[in-house]
Amino acid sequence: MRASGRTAHMLRLHARCIVYFNAVRDFGSIREAARRLNVTPSALTRQIAQMEDEIGSPLFDRLPGGMVLTAVGEIVARHIITVMQDAVRTDEQIAALAGMRGGRVSLMAVEGVAGDLMARLLTRMTETCPDVQLQAETGSPAAIIAALSGGTTDLGIAFSLDPPDELRRVAVANFPVGVIMPANHALAGQRRVRIEECIGHKLILPTRSLSLHRVMEPMLRPWRDRLDVVLETGSIELTNRMVAAGAGLAFQSRLALEFDIQRGALVHVPLADPRAVTDLGVYVRDARWLPPALERLIAEIRATLQAM
């Protein structure tokens, strides 16, 4: 997490070592961190060495490829990330008192919600909170965990995430997993589809990079020797296009293909299995205060999920 503007000013209330340490952590280089901070490399090196002397342990391994945090450095980094995020909150609270509501929020979501849900959510947020600056990216569940833990994003949205202890879930909604197929498929008219009804058809399955893999694997395991798998992929967009082209059946929640359903390209039929459900969770770092802009975004997410 990098400080800028008013947040950088707030951080000057803390020891200079926080800013120096975090810059080296961000850029992995004394020289680049010094350039960004407009200080000499020797001054930055002395500050890091002083921190290491006071803590009694190296904070960085000096490797040919750059500066890499040691185990002790990782512990210090988690504390500093919290300090910096709290500085952002303090800045926003002061701005709110001064009549400048605003704020900036970054979020990262899995590809499966980047379509209808994210468009609906961000549209609603821009209408109800036009003063909040938004940054949105997509990423894998592992990338979302890393970004939240490292303080490079404020909020993560993912299916069936198994988060580490430092993350906290602030909202959740459950969605049925079903079979997706072209509208003219023989199974398209059914209210529910059993796994065994899919076995005779070509299948497109999720790779381990998707949380959907954990949902489907127990249901498909008894039929593993009889599966006709034409493709395994971690791309939901590719899956939808392959299904629409008639390459095979796939398994997803409706959230990943609402647009295709509305225009009649695909059909989603829930699986007749109580295990065929995935939870969509919203996560933040557990050790931080939530700035007003982030609290407003979380409230909008809860309202959007309830409306869906």
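Q: Where buried means under 20% relative accessible area, exposed over 50% and partly exposed in between (1.4 Å probe, protein chains only), what percentage of the 308 residues of the chain counts as buried?
A: This is a predicted model in which local features need pLDDT of at least 70 and side-chain atom pairs count only at pLDDT 80 or more, while totals for chains, interfaces and linings use all residues. Residues are numbered from 1 along each chain as its sequence is written, and side-chain values use heavy atoms, leaving out hydrogens and water. Of the 308 residues, the share that counts as buried is 49%.

Q: Does Arg104 count as buried, partly exposed or exposed?
A: Arg104 belongs to strand β3, residues 104–109, a strand being a DSSP run of E of at least two residues, and a helix one of H or I of at least four, both numbered from the N terminus. Because its relative accessibility is 44%, Arg104 counts as partly exposed.

Q: Which residues touch the most other members of the largest nonpolar core?
A: A nonpolar core is a set of buried Ala, Val, Leu, Ile, Met, Phe, Trp, Tyr and Cys residues joined through side-chain atoms within 4.5 Å. In the largest one, which has 39 residues, those touching the most other members are Val113, Met118, Leu155, Ile157, Leu280, Leu297 and Ile301.

Q: Which element gives the most to this core?
A: At least two residues of this core come from each of β3, α6 (116–128), α7 (141–149), β5 (155–159), β6 (167–182), β11 (277–285) and α12 (292–307). With six residues, the element that gives the most to this core is α12.
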